[in-house]
Amino acid sequence: MRGISAANRELIEDLNSEYISALNDFNMDNWLACFTQQGQYILTSEENIRRGLPIAFMLDDCYARLKDRVKQVMEIQGDSTEHYQMRHFTQLISATESETGVIQTNFNFSIYYTPRDTNQTETLCVGKYEDTIAIKDGEARFQKRVAIVDTNVLPRYVAYPV
Amino acid sequence: MSISKGANRAIKWPAKTNHVPKEVFEMESLWEKELEAIFYGEEWHPIVHRAEIPNPGDYKAAQLGEINIFAVHGDDGEIRVFQNTCTHRGTSLVTESSGNKKEFECPYHRWLFSLEGDLVGCPNSRDFSPDFDKKDFGLLALRVEEFYGLYFATMSDKTPPLKEYFGEKFYEPLQRLLGGDGRLNLIGYQKVTYDCNWKAYCDNDGYHGALLHKAFAMLNWQGGKGTQIVTKNGHLSFDSELTIPDHVDALEDGSILDFKGTETSNGSIVLMSFPITVYTKHLDMLNIRYSFPKGPKGVEVHYAYFSHEDDDDEMVKHRIRQSSNLLGPCGLISMEDASVFSRIDKGNKTQGNAIFQKGVKDEYAIPLEVGQTDETGNLARWERYRELMGFERSES
């Protein structure tokens, strides 16, 4: 493993910005576009990770599941879910590149949410992303993004990926 | 603080059994009385399954009402439940939600307790009061009974034995839900706080209004035939055959809805034990929802998921995928329930009664056998609540 080039660092920062913009803007197609065709997304708790427990809050372990996540958010949940605005704040903590060109990154995140009924802002969760990123043709995409929340007890139901 | 009689009198319980006054969800002064009459009364509360603390020294913290407790697996293989307090000056002994310890040492004066709750060490005891005897200072144990690995605790000596308390109509499906023989493995938790009074949670998590579930319709999965049985003391048991389509067009990956089944399966089981706990077995998901009211406002729910010891790797993986994506605070089929809790809570900040309709045949009776999708399964629980809280029903 070795550090990454400034150019690759820019690519992964751009990818992360696309990702959080997609969620903050509630654009699930753009969220899906952040993943490769082998992409995976997992949202789980620090407690489950620490104890080696495999249950997650969201477990999209193949591209078909990622597409179903988009469908769930955009079509299935519908009017039974109260919409809330998310705002992600992230910070790149580490990035390393393997000999095969796969990049591993860690970002810290804190995410606030503002429901439209109270219009008050509260913390949704705080944690870290553990990412596996592939760079191809000058573009970075997630092979895997694992969001691990320190907030082991979520403050509400979570309707969207984080 | 205990509730004043004034607060009790303030609620006029309607004559009709299908009417529940909305203020019962919102009047904060009821909580102290609920603790005394219900949570510290003659009820059994599920605390832990053996699969959650499988090894000697494993412990799990919990609450019963407002009392902090923990369950611990002793060196002798027994599981006990103690109040989380040193018997000297009251310091809490366990500060994490789970873990493993060889013994429990209080950091304040170094009193040391065994995994079985005995006081085994207390420095400087020659200076203690003349009658001091270590034997009198073991941890405060709660009365416990076990059912297929699931340990229930009660604060009262008068609570009937567990099987009598639940009745066969409840404990027989609970046995199937626990894999038939209770030989389970823990596969993880989902924990969340819902923004509603605890009674709004239990009024709606066990009972599933099918109309709410757009997901059910999209998946062409409309519940099915079955029964809903209510016990007189307010427990509820849904037992149904699910009709599951061979192919799910609505999803790219329909495999998360597969039903691989076992000989103990009977489609779908939803149980609710008074006062607040829901247990479910949908498809291949085995789930206990330990629930902790945060006073009169908010309820913390810990969804615990299990596999069976006899599962092969493929089955365990299937249970993990299915449980993670279908249930809990983000689940495809249960998020709609989650979202409705807080909306009900907001709606209860209005005047009048919450009114149950579907399945009501007699507005002055408490039905014990009701249709699978009827709302009336909640009425026995409300009647029990009303009686325990001492609210008088108005005359018709």
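These legends describe close-up views of a predicted model.

Residues are numbered from 1 along each chain as its sequence is written, chains are lettered from A and ligands numbered from 1 in the order in which they are written. Local features need pLDDT of at least 70, side-chain atom pairs count only at pLDDT 80 or more, totals for chains, interfaces and linings use all residues, and side-chain values use heavy atoms, with hydrogens and water left out.

**View 1. The six-stranded sheet of chain A.**
Six strands of chain A form an open sheet in the order S2-S1-S6-S5-S4-S3. The pairing is mixed. Helices (H or I, at least four residues) and strands (E, at least two) are DSSP runs, numbered from the N terminus. Two strands pair if DSSP finds at least two bridges between them. Strands of a sheet pair through backbone hydrogen bonds, either parallel or antiparallel. Strand S2 (58–60) and strand S3 (84–97) of chain A are the edge strands, and each pairs on one side only. From one strand to the next, the twist averages 20°.

**View 2. Strands S3 and S4 of chain A.**
S3(A) and strand S4 (residues 103–115) of chain A run antiparallel. They are joined by 13 bridges. Look for A:Met86, which stands opposite A:Tyr113 in S4(A).

**View 3. Two helices against the sheet of chain A.**
Helix H1 (residues 6–24) of chain A packs on the sheet. H1 touches strand S1 (35–45), S3, S4, strand S5 (122–136) and strand S6 (139–149) of chain A. Contact means heavy atoms within 4.5 Å. The direction of H1 makes about 160° with that of S3(A). Axes are lines fitted to C-alpha atoms, for helices over the stretch in contact, and angles run from 0 to 180 degrees between N-to-C directions. Helix H4 (residues 63–76) of chain A lies across S1 and S2 of chain A. H4 runs at about 65° to S1(A).

**View 4. Strand S6 of chain A and its two neighbours.**
S6(A) is mostly covered, with eight of its eleven residues buried. Buried means under 20% relative accessible area, exposed over 50%, partly exposed in between (1.4 Å probe, protein chains only). S1(A) and S6(A) run parallel, joined by seven bridges. Here A:Phe35 has A:Phe142 in S6(A) as its bridge partner. S5(A) and S6(A) run antiparallel, joined by ten bridges. A:Lys136 has A:Glu139 in S6(A) as its bridge partner. The hairpin of S5(A) and S6(A) has two residues between the strands, and A:Asp137 takes a positive phi near 50°.

**View 5. A sheet with strands from chains A and B.**
Nine strands form an open sheet, in the order S7(A)-S12(B)-S18(B)-S17(B)-S16(B)-S15(B)-S14(B)-S13(B)-S20(B). Its pairing is mixed. The edge strands are strand S7 (153–154) of chain A and strand S20 (369–371) of chain B. Strand S15 (residues 268–273) and strand S16 (residues 277–282) of chain B run antiparallel, joined by five bridges. B:Ile269 has B:Lys281 in S16(B) as its bridge partner. Helix H5 (residues 168–177) of chain B runs at about 125° to S15(B). Helix H6 (residues 198–205) of chain B also packs on the sheet, and its direction makes about 160° with that of S17(B).

**View 6. Strand S14 of chain B.**
Five of the five residues of S14(B) are buried. B:Leu236, B:Phe238 and B:Ser240 point one way from S14(B), and B:Ser237 and B:Asp239 point the other way. S13(B) and S14(B) pair in the antiparallel sense over five bridges. B:Ile229 stands opposite B:Ser237 in S14(B). The hairpin of S13(B) and S14(B) has five residues between the strands, and B:Gly234 in the turn has a positive phi of about 95°. S14(B) and S15(B) also pair in the antiparallel sense over five bridges. There, B:Leu236 has B:Met272 in S15(B) as its bridge partner.

**View 7. Helix H3 of chain B.**
Helix H3 (residues 30–39) of chain B is largely enclosed by the rest of the structure, because eight of its ten residues are buried. Among them are B:Trp31, B:Lys33, B:Glu34 and B:Phe39.
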